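Subject: Structure handover

Hello,

The structure is below. My notes follow it, starting with a question you can check for yourself.

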Amino acid sequence: MTTDIDADRVLIFDTTLRDGEQSPGATMSHAEKLEIAEMLDEMGVDIIEAGFPIASEGDFTAVRAIAERAKDATICGLARANITDIDRAWEAVAPARSPRIHTFIGTSPLHRAIPNLDMDQMAERIHETVTHARNLCDNIQWSPMDATRTEWDFLKRTVEIAIKAGATTINIPDTVGYTAPVESAELIRRLIAEVDGGEDVIFATHCHNDLGMATANSLAAVAGGARQIECTINGLGERAGNTALEEVVMALRVRRDIMPWSTRIDTTKIMNISRRVAAVSGFPVQFNKAIVGKNAFAHESGIHQDGMLKNAETFEIMRPSDVGLKETSLVMGKHSGRAALRSKLKELGYEVGDNQLKDVFVRFKALADRKKEVYDEDLEALMREQAGGEDTLSLKFLRVICGTEAPQSADMTLTIDGVDHQVTAQGDGPVDAVFKAVKELVTHEARLQLYQVHAVTEGTDAQATVTVRLDEAGRIVTGQSSDTDTVVASAKAYIAALNRLLVKRASSPEGNDTKVVSYRDAV
Ligand SMILES: CC(=O)SCCNC(=O)CCNC(=O)[C@H](O)C(C)(C)COP(=O)(O)OP(=O)(O)OC[C@H]1O[C@@H](n2cnc3c(N)ncnc32)[C@H](O)[C@@H]1OP(=O)(O)O
Ligand SMILES: CC(C)C(=O)C(=O)O
Ligand SMILES: [Mg+2]
């Protein structure tokens, strides 16, 4: 049983694989569920709600497989308030070292109407089903679904029945994200104080994020006496999602001064599992999502970057390493200032004096006004321009034949070190033909890591911006170009990336290794 926990401990109940998977389109495969469950177990989640075994054969098999493999976590399966669901849930979780059955029924007026039960009939159903579950398993969680919209007297009555019938955890769901922090804390406080047997069970909080208050409501419930938070990775879940695990765990860690409750979570595993859940569920994490968003530890504004360089605590309340990130990222863009530019150039191997910095800064700002983000290679190009260097490769002429009849071909003239070279190549589509033409003249072993086209304006004459990223033995370079002709933009972006690869090669300790990029005479 899990009722014996230290007064300052909060149990983390993860329902990514059950409530999280209920997000439309978030279905995960059997293998993916096993992988996520293993990661949750390893990061110190206390209880994993692995699924709803009656829902399908696949759900049952996944819950059972997770139960068989779990090392430390309690494995829980969901069941409606009926004998068949409960038996099926028990069959699935029974192999676990620590199994739990979670059974629920909607207690609010709106939800009582779903199975069409009056209050007395529902009370009887709760007694029967929780008793049945408790005869199978000694770890029973019971939830009055839509508790926050249930009449107080009926909520109290049903919770008392469930406790008497043997429930060890009483979960109070805010099923539709309706409550607010003050109310959330007060409800739990009142239940613990007034419910017969309330002191002998663990109260849990299960919040949804319809009004963006799931994290606040969960933490308020803990302040009111709840000792189990139900949550999901990335806040995945029905509609606006569930409470995000990473948010409550990090809030408890960072503000231990005012919320003196601890969890068992190894927070350094947060980023990794967040990325995995995003990948397997197909739900990308929004850039500005707390803790795990791409921008959660990134700064572009000059004033912030300057502050960060002087003392990271000026603009960050957590260290990136606390959540498993290597480092803060100072993104170079139109809002960056001199301090960040100087630091970035130093990182790239350029020590600049004040005058030189002044000059590069003007050209950097001009470039940043045109581009969303200024990459390291852009800065290298700026430094090279300043030193009077020119790009080795430039596109002089391009004509492409494409259409329904394959093969498509590209006729190209490339200027290499001031000398024109002409080539014709065929490919599977115009872009492939163009890339092959370039490769005919500039042989290299770099792998195409990214080819991305964005229409910058609307209409058929839209300006297209193409980004090409190449990876040559860990040397990653990006080229970008815009043109109303997407194929021309593609050729220029590819050539820009190759120019940067040449620069990187030249400035690397091995020097200009012609094995990686070499030119051959035109055919
Ligand atoms: C807030 C939550 O997250 S609750 C969990 C929601 N998750 C899911 O529903 C995902 C899995 N669900 C499923 O796969 C299916 O709905 C199943 C297998 C559970 C049931 O499928 P079906 O038998 O076809 O029923 P259907 O989904 O159409 O309707 C739900 C039935 O369950 C009943 N029901 C709903 N909740 C409960 C409950 N807690 N206890 C008992 N009965 C319930 C409803 O009254 C309805 O039965 P009725 O048609 O006899 O009135
Ligand atoms: C099944 C219950 C606990 C639920 O997910 C909810 O009420 O939101
Ligand atoms: Mg829910």
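Predicted model: local features only at pLDDT ≥ 70, side-chain atom pairs only at ≥ 80, totals over all residues.

Which residue in β4 is the bridge partner of L78? The bridge partner is H102. Before the rest, some conventions.

Residues are numbered from 1 along each chain as its sequence is written, and chains are lettered from A and ligands numbered from 1 in the order in which they are written.

Domains

The protein is divided into domain 1 (11–281), domain 2 (298–386) and domain 3 (393–519), with bounds from an automatic or database domain assignment. Taken over C-alpha atoms, the centres of domain 1 and domain 2 are separated by 44 Å. Their contact takes eight residues from domain 1 and seven residues from domain 2, two residues being in contact if their C-beta atoms, placed from the backbone, lie within 7 Å. On the domain 1 side, α9 (245–254) and α10 (270–281) are the elements that give two or more residues; α10 gives the most, with three residues. Helices (H or I, at least four residues) and strands (E, at least two) are DSSP runs, numbered from the N terminus.

UniProt, in an unreviewed entry, places "domain: Pyruvate carboxyltransferase" at residues 10–271. UniProt positions are in the numbering used here, feature names are shortened, and annotations may be inferred rather than shown by experiment. The span 10–271 is 42% helix and 18% strand, and its end C-alpha atoms lie 21 Å apart.

The barrel

Eight strands close into a barrel in the order β1-β2-β3-β4-β5-β6-β7-β8, with parallel pairing; two strands pair if DSSP finds at least two bridges between them. Neighbouring strands are turned by 25 degrees against each other on average, direction ignored. Strand β3 (residues 74–80) is joined to strand β4 (residues 99–106) by six bridges. Helix α3 (residues 83–93) lies across β3 and β4 and runs at about 165 degrees to β3. Axes are lines fitted to C-alpha atoms, for helices over the stretch in contact, and angles run from 0 to 180 degrees between N-to-C directions.

Ligands and annotated sites

Ligand 2 is surrounded by D19, F104, S143, M145, N171, P173, T175, H206 and H208, where a residue counts as near if its C-beta atom, placed from the backbone, lies within 6 Å. β5 (140–145) and β6 (169–174) are the elements that give two or more residues to this shell. It divides into three nonpolar, five polar and one charged. Ala, Val, Leu, Ile, Met, Phe, Trp, Tyr, Cys and Pro count as nonpolar, Asp, Glu, Lys and Arg as charged, and the others, Gly among them, as polar.

The unreviewed UniProt entry annotates D19, H206, H208 and N242 as "binding site". These are spread over 224 residues of sequence, yet cluster in space, with a largest C-alpha distance of 10.4 Å. D19 is found in the loop between β1 (11–14) and α1 (30–43).

Ligand 1 is surrounded by 14 residues, the closest being A55, R80, A81, I105 and P115.

The open sheet

Three strands form an open antiparallel sheet in the order β15-β16-β17. β15 (447–455) and β17 (475–483) stand at the edges with a single partner strand each, so one side of each is left without a neighbour in the sheet. The twist averages 15 degrees from one strand to the next. Eight bridges join β15 to β16 (residues 464–472), and L448 stands opposite L470 in β16.

Regards
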